[in-house]
Amino acid sequence: MENNLEIAPAELKQILDGGDKLQLIDVREPWEFDLSRIGGAKLVPMGSIPANLQALDSGDPVVCYCHHGVRSLDVTVWLRAQGVENVRSLAGGIDRWSLEVDSKIPRY
């Protein structure tokens with residue numbers, strides 16, 4: 001997308017389907033992760049992102065997501081400020097992912 005902070009669900013699906021290396025980070029809370037998740041995602045709740053900074057700064061592209069894309073955008077901006085350059089937020093979060101890419105993922 002034009003601000004380069006976000007990635008559209010269709011673009012993320014293309015990357016995942018292509019098998020490119022990518023860290024998919026779910027910044028929601030554990031109860032949300034239990035309700036619905038994107039396959040291959042790693043749960044790192046927003047509050048524990050600072051403690052996991054080193055793991056996220058591996059050089060691989062990082063895509064964060066949450067419910068509607070607000071928390072993950074905050075995390076993306078924070079990570080960029082910490083020097084993690086190749087990080088984006090899933091625009092619209094898992095809710096938009098469910099609507100546009102995978103309707104089997106429950107909406108809540």
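1. The expected span of a helix is 1.5 Å times one less than its number of residues. Helix α4 has 12 residues, so the span should be 16 Å; the end C-alpha atoms of α4 are 17 Å apart, which agrees. Helices (H or I, at least four residues) and strands (E, at least two) are DSSP runs, numbered from the N terminus.

2. This is a predicted model: local features need pLDDT of at least 70, side-chain atom pairs count only at pLDDT 80 or more, and totals for chains, interfaces and linings use all residues. Residues are numbered from 1 along each chain as its sequence is written, and side-chain values use heavy atoms, without hydrogens and water.

3. Look at the sheet. Five strands form an open sheet with parallel pairing, in the order β1-β5-β4-β2-β3. β1 (6-7) and β3 (42-43) are at the edges with a single partner strand each, so one side of each has no neighbour in the sheet. Two strands pair if DSSP finds at least two bridges between them. β4 (residues 62-65) and β5 (residues 87-90) pair over three bridges. V62 has V87 in β5 as its bridge partner.

4. Now α4. Helix α4 (residues 70-81) lies across β1, β4 and β5, at about 175° to β5. Axes are lines fitted to C-alpha atoms, for helices over the stretch in contact (heavy atoms within 4.5 Å). Angles run from 0 to 180 degrees between N-to-C directions.

5. Which residues of α4 are buried? They are S72, V75, T76 and L79; buried means under 20% relative accessible area, exposed over 50%, partly exposed in between (1.4 Å probe, protein chains only). The buried residues of α4 pack against α3 (53-56), β4 and β5. On the other side of α4, V70 and A81 are exposed.
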